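Please read it beside the model.

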Amino acid sequence: MKIITLLLFALLLNHPSTAKLAPLNVKHLTVAEGLNDGIVNAICKDKFGFMWVATTGALNRYDGKNVKKYTHIQGDSTSAPNSSPITLTYDQSERLWIGYSSGLVEFDYSTETFKHIQPFKDQFVYMVHSLSMERLLVSTTEDIYIYNIKTNKIESFIASEDKVSKNYIDEYYVYDYCLLKEKIYFSSDGGVLIYNINTKKITFQPISPFKGPINRIFADAQGLLWMSDFQTKNLYKVNSNNFEIQNKSFLLKVEGEQIAITDFTIDKQNNLWMMGSKNTIIKLNSKGYPTYYEYNNQVPTNLLASGFKSMYCSVDGYIWFININGLGYFHPDENIFDVYFPYKETSASKFAKVLLKDRNGNIWSATPTGLSVRNDAMNKYEIFNAQTDKKNRILSSIVNCLSEDKLGNIWIATSRGVNRYNNKTNLMESFSIHDSLPQIPYFTIFTDHENTVWFGAAHNNGLYYFSYRDNKFRNVSTHPLLKKYMKNGVRCIYEDSQNRLWLGFDGQGLGMYDKNKQTTSNWFNNDFQNEKTISGNLIIDIREDKVGYIWISTHNGITGINTKYNLIKIINNQNGLNSNYCGPLAIDHLNRLWVGTSSDLVLISSDRKNITNFNQRDGLISSSFFEYQASITPDGFFYFPTVKGFVKFHPSTYIEKSNNLEYYLTSYSIFNKENLLMLTNDSKAQILLEPNENYFSFNFTTPYYKQSQQITYAYKLENFDKDWNYSTQPRVNYTNVPPGNYSLIYKASINENWPSSYKSIDLTIKNYFYRTVWFRTLISSFFILIILWIYRFRINNLREVAGLNERAQLLEKEKSVVQYENLKQQLNPHFLFNSLTSLNSLISTEPKIARQFVDQMSKIYRYILKSSENETVPLVNEINFAKTYVQLQQTRFSEGFEVNININEEYFHQKIVPVTIQNLIENAIKHNIIDEESPLVIDIYVKDEYLVVKNNLQKKNMVETSNKHGLNQLKSFYRFLSDKPVLIEENENSFIIKIPLI
């Protein structure tokens with residue numbers, strides 16, 4: 001059979017079209033978005049919502065945000081073939097088939113592997129089409145086959161004895177095909193080959209208007225065949241039953257030149273979408289009226305500047321088109337954003353400020369370079385600026401605001417004063433200080449219900465108004481209530497449903513003038529000290545919603561004010577906005593807020609709970625909006641200003657749909673190894689992990705092609721997480737999860753509009769065998785038996801040993817106490833002897849000191865007698881006693897004896913054995929030489945809950961009264977009072993005794 005490729009490249013054109021641009025929100029999938037390469041051969045969509053894209057170098061799976069690539073892995077026979085994927089089909093039994101240049105393969109979703117179909121090994125497969133649940137139509141360079149999936153065998157396309165059908169195959173070239181009911185229509189030269197799937201016979205049907213090749217053929221839902229001819233550029237609609245031509249050739253032209261149709265598809269509304277030459281996409285509605293969509297380099301979401309190849313409409317209504325650089329896709333119902341440029345010339349400034357549509361249908365556009373007026377019916381423009389002739393001249397080319405009064409006059413605020421375009425004379429009028437309206441910069445103009453025109457001047461120049469009653473301008477300095485605002489810069493003015501005038505100031509907050517009540521009110525943010533106030537003081541735009549809230553936009557977010565109930569609502573980056581820099585503001589018929597910020601266009605739901613963000617991926621000419629007011633035309637269109645033109649849209653075209661996202665848990669990873677899980681709603685699975693596999697992650701996906709960047713996942717590992725976790729990333733991690741049974745529950749949403757239902761998967765982490773209940777029970781029982789046996793064997797011995805130990809301890813304590821008492825008695829006479837000797841020498845030489853000496857001795861012995869009844873005394877008592885004792889010894893030794901007591905009061909409450917310090921000092925005196933040239937220095941302090949007594953070491957050669965048992969008896973006694981031992985340390989320079997504090 002003479003067959004050429006079914007996917008012919010569209011005719012290419014080297015320059016973009018300059019025809020009027022229709023809104024088409026196109027998203028792109030190219031190498032920049034993750035595609036393996038830009039040469040796309042085929043696309044299809046599966047039941048999970050994934051788009052499969054066959055490019056020259058790989059098979060790609062796209063979910064609206066991320067691309068997963070399947071390529072050949074050397075040595076892995078289950079990986080993708082080492083060749084190029086050419087064609088794709090998702091059949092009626094929900095299986096994915098890929099025709100490669102080296103054969104036919106099936107993709108296994110459960111393992112993400114490729115099954116090679118042996119009957120087509122080493123054949124170039126360029127077409128695969130599903131005929132039934134068990135049969136595929138497969139075209140290769142060798143022949144056309146019917147493949148029986150169940151038997152894994154191929155059948156002949158036509159019966160071998162059918163010579164008529166065989167002759168048709170040999171005689172005619174095939175350019176394209178389509179399937180309709182039980183027949184396949186192959187386009188050819190001058191007609192179509194009709195293949196009956198049931199009879200396997202081919203007939204030829206000439207189509208009279210066509211003399212040459214029918215390059216494209218497409219069957220719509222009504223059973224009509226659409227056919228196009230590249231050479232003659234004819235497009236016909238043909239009845240598939242009788243092959244009658246339903247129309248004359250459609251004349252589809254761009255810039256007066258007829259274009260050729262290169263491919264077709266039908267959307268959900270039965271509109272025919274076509275790809276044409278000159279990089280054009282055309283929509284043909286049911287009445288045959290075309291709408292043209294062409295490449296425009298000023299619109300980031302418009303068509304790519306490259307040739308088209310083919311089109312495809314997926315089951316969710318998205319239309320995909322292949323070009324030489326990748327894919328583009330759009331949804332016909334989601335093209336809500338258009339662009340309006342202030343000037344006709346593409347080279348003119350596109351910086352937009354304010355737009356006004358007057359009663360005659362003329363569109364006035366304010367820009368920094370002048371004023372543009374477009375007659376929409378005649379598509380003519382008139383320009384006003386400071387350099388035009390006198391009739392069209394305005395005071396300044398920098399135009400900031402526009403307003404139409406009830407007489408149809410257009411008021412124009414410029415940077416040098418105010419102009420008025422007279423509706424009757426068609427003349428431009430200027431005003432000056434002679435009219436009581438100075439030529440200064442003006443931010444805003446507003447006409448109220450009484451046809452009073454208000455002018456907000458910039459900086460500190462105040463507020464002015466004009467009344468048609470006497471045709472006079474006035475400054476508010478003469479107004480009894482508004483005169484307070486005469487020095488305020490006014491950026492915007494608004495009149496609400498109660499005829500109250502709202503004034504947005506340039507840094508001075510918000511004011512309100514109630515003419516009926518003759519009152520004014522003010523709101524000012526003083527460094528956020530008052531929560532019941534506005535979010536910012538520089539007001540950009542003011543609007544009233546349907547429940548009585550006045551909404552203002554500022555550089556610090558937006559604020560809603562309800563004066564009836566004294567309520568304030570603030571929306572900023574703390575509760576949903578991406579940017580606090582808010583500019584144009586509008587409220588639609590559904591009471592939804594539309595706000596232009598510095599980063600995106602924001603839609604806030606009528607209940608003010610949900611926020612939707614739109615940016616350039618959604619069709620905006622720019623996602624950065626400036627500090628000018630939004631414009632609403634009488635026909636309900638919103639115009640939001642940007643530096644690239646006005647974003648134009650009708651809010652009724654955006655319908656918030658229910659949140660019914662399809663989301664999946666695709667895999668879980670342990671130690672960087674991915675384990676696949678393709679879970680549908682009715683799938684059940686359980687994850688079983690080993691004890692050391694308690695560090696893992698889950699991978700989600702949500703095939704969604706509208707606002708994939710705004711998808712948020714909520715997940716919770718029950719029995720581990722207390723609350724829901726939220727993430728905008730499709731991968732979540734868990735670490736150090738203890739053994740046990742868990743259930744991961746998860747869901748996905750757009751803008752956190754959460755569904756009530758969720759999905760789940762069970763997860764079990766095994767325990768180590770030595771931590772299991774049965775193992776612990778066994779070990780416990782074993783030890784209990786051993787303990788019982790030991791207990792029965794030794795119980796009597798233990799009782800005897802315990803009794804003996806108790807008696808021994810009592811005896812040892814009594815012995816130590818007696819020994820210590822003996823020690824005190826032994827020391828006391830020695831101390832008394834030395835003290836009396838010192839006293840005797842003092843009586844004759846220093847009688848006054850002798851009396852003090854006697855008094856101190858009496859204190860010492862009184863303390864010894866008093867404390868002898870107690871085992872321990874407070875440390876503070878012992879310190880005071882030691883100080884008295886030291887004073888006596890210093891009387892004896894003068895400058896040869898020095899004692900430093902350095903103990904913090906925090907230790908005073910702790911206990912110590914009576915006269916311990918005195919005995920230790922006496923011990924140091926007894927064993928060391930005391931001389932004024934080599935004084936004995938004793939330091940007493942607390943360290944690490946020990947009382948430390950340290951003296952410099954200058955030992956005597958002989959100590960007469962030492963029995964060498966005092967310190968050992970002290971250590972023995974302290975063993976009954978404290979778990980800490982008495983420590984004795986000696987080195988070359990010092991002798992240290994550490995007594996534990998009790």
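Contact means heavy atoms within 4.5 Å. Helices (H or I, at least four residues) and strands (E, at least two) are DSSP runs, numbered from the N terminus. The model is predicted: local features need pLDDT of at least 70, side-chain atom pairs count only at pLDDT 80 or more, and totals for chains, interfaces and linings use all residues. Residues are numbered from 1 along each chain as its sequence is written, and side-chain values use heavy atoms, without hydrogens and water.

**The helix pair**

Thr-916, Leu-920 and Asn-923 in α5 meet Leu-967, Leu-970 and Tyr-974 in α6. By class, this contact of α5 with α6 has 4 nonpolar, 2 polar and no charged residues. Here Ala, Val, Leu, Ile, Met, Phe, Trp, Tyr, Cys and Pro count as nonpolar, Asp, Glu, Lys and Arg as charged, and the others, Gly among them, as polar.

**The core**

A nonpolar core is a set of buried Ala, Val, Leu, Ile, Met, Phe, Trp, Tyr and Cys residues joined through side-chain atoms within 4.5 Å. Buried means under 20% relative accessible area (1.4 Å probe, protein chains only). The largest such core has 40 residues; Leu-875 and Ile-921 are among those touching the most other members.

The largest share, 8 residues, comes from α4. Apart from this core lies another, of 26 residues, including Ile-687 and Ala-748.

Technical notes
Buried < 20%, exposed > 50% of the residue type's maximum accessible area, 1.4 Å probe, protein only.
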